[in-house]
Amino acid sequence: MISIDGVTYSYGEGISALDGVDLEIGDSELLAIVGENGAGKTTLVKHLNGLLKPQRGRVIVEGIDTRETTVATLAKKVGLVFQNPDHMLFAETVEKELSFALVNFGLPPEEIAKRVEWALIEFRLSNYRDRSPFTLSGGEKKRVSLASVLCYDPQIIVLDEPTTGQDNLQKTRLASTLAKLNRQGKTVIVVTHDIEFVADFIPRVVVMSKGKVIADGPTEEILVREDVMDASSILPPQLAELSWKIGLSTPSINTEMIVEEIRQILRCDQK
Amino acid sequence: MKVFKAFEYRRGATILHRIDPRSKLVYLILFTSLVVYFTNPIALLIIFLSFLPMVYLGKISARWSQSLRGSLFFIVFIFIFNFAPTAYYSGSLLDAAVSAIAMSLRFLNLISVFSIFFLTTSPEDLTQSMVQLKIPYDYALTFNMAMRFVPTLSREAQYIMDAQRSRGLEMEKGNFISRIRNYVPVLIPLIISSFRRAELVADAMESRAFGASKKRTSLYVLKMGRGDFLFISAALGSALVLFTVNLLL
């Protein structure tokens, strides 16, 4: 359970990155935060593990006020994976990279070995176990960075732009990993520009613009609202756009539903 | 990291911003020499006070004071490491305090004078003035780029620290040795990404035909005006006064 309550944050000089954000995220939710560049998405998620503390308002994570604890304590509950894997990778081998957080949290060696093994398999990295992370491709590095956080099994998982540089196959795999973790009861928060990824895999979406939450709700309802899509300069899902262009009475992001609607229109025309 | 930010140039329209970089260079060299030469804490304090009108003229008080606050840690460090050995060897606490204060003030003065210079001088103008001072363009550009990448590097260091702290790295944990070791997960990505960036910049420069023509011409040429001569005279005059004051003290 995360509750964000009137949070304001500014990096100084009058630019406010967050301008009174209220957001409730329940246990084992799977949600996406979308919005234009500079909307405040990354600033917001940095509040979830205490890297940033709210200047006004408060953030409560699992009953703990983030202002009253350390990043190291919160990081155990909230696993935050940043956009650029190059900001994270430093170890000699992928295996050591994956055990970094586990060692920091002081887990026993057997447990570390077990979790590293799980992460290597889950993210298809077993072949790279002894390779230096710097010799991997962009997409592989991205997976190492995801694995290096998910391996310590945080209750809340926050991913900043996890799909950049991933091909469709890897995206689908990522989606199924996230769905699996979500089924196991984890809260999964994805910050992204990849609206099609959201439309296909994420049930709840929060839209941010200029430091504010401008829409929040079920993905199939939010992503078909033209006003919201315009206000946040998000490229709408192609299916939503198609629905608007055809003038469907109930715009949708679901292929089957749109096909069904079009069929009905065609049937009406024939009569 | 705030220390770097305090040297970042911001566009401004004050007299100090408009003065030719070469005149400011004269000021910088004169005052740096004085600061290094002086040993009397009172003389050093007078120099420090002489920066206040400059800071006011350039409207840079916020960033300048930020640079001072950012260097507080080093000043405490410098003070202790000058005080302790002097006190131990000379046995006089007063002597030790005087020399430690002088060293701290000297550092504070150096930070201030460089901060005044870089806060009010645009990197492009600085490169141009170096070229006009007959420094080869390659070196001038290297210097410019080194300056240009300081804020980028400090931002990058912040990103890396955020990422590693999110994986449970505690920078402040442990004794002196393990604290140094805590920096490894930050320094390695920082160094590697710097090399990568250097390569990218080199590629970008080559694709824009860097070095294709031997003789470069400039769109803008810096010219010294009456204000510059006034500024240089004022700098020379006040340096002379300070020098005399130091002799009398």
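Domain bounds, as used below, come from an automatic or database domain assignment. This is a predicted model, in which local features need pLDDT of at least 70 and side-chain atom pairs count only at pLDDT 80 or more, whereas totals for chains, interfaces and linings use all residues. Residues are numbered from 1 along each chain as its sequence is written, and chains are lettered from A, with ligands numbered from 1, in the order in which they are written.

Chain B is divided into domain 1, made of 1-121 + 223-249, and domain 2, which covers 122-218. The centres of domain 1 and domain 2 of chain B, taken over C-alpha atoms, are 26 Å apart. Where these domains of chain B meet, 10 residues of domain 1 are in contact with 11 residues of domain 2, two residues being in contact if their C-beta atoms, placed from the backbone, lie within 7 Å. On the domain 1 side, helix H1 (2-5) and helix H3 (21-37) of chain B each supply at least two residues; here helices (H or I, at least four residues) and strands (E, at least two) are DSSP runs, numbered from the N terminus. That side of domain 1 of chain B divides into five nonpolar, one polar and four charged residues, where Ala, Val, Leu, Ile, Met, Phe, Trp, Tyr, Cys and Pro count as nonpolar, Asp, Glu, Lys and Arg as charged, and the others, Gly among them, as polar.

Chain B also touches chain A, in a contact that takes 17 residues from chain B and 20 residues from chain A. On the chain B side, the elements that give two or more residues are helix H9 (137-166) and helix H11 (184-207) of chain B, and the largest share, seven residues, comes from H9(B). The chain B residues on this side comprise nine nonpolar, four polar and four charged.

Turning to chain A, one finds 11 helices and 10 strands. The radius of gyration of chain A, taken over C-alpha atoms, is 20 Å, close to the 18 Å that the globule rule gives for 271 residues, so chain A is as compact as a globular protein of that length; the rule is 2.2 Å times the number of residues to the power 0.38. Along the principal axes, the C-alpha atoms of chain A fill a box of roughly 70 × 45 × 30 Å. Among contacts in chain A between residues at least 6 apart in sequence, 62% join residues at least 24 apart.
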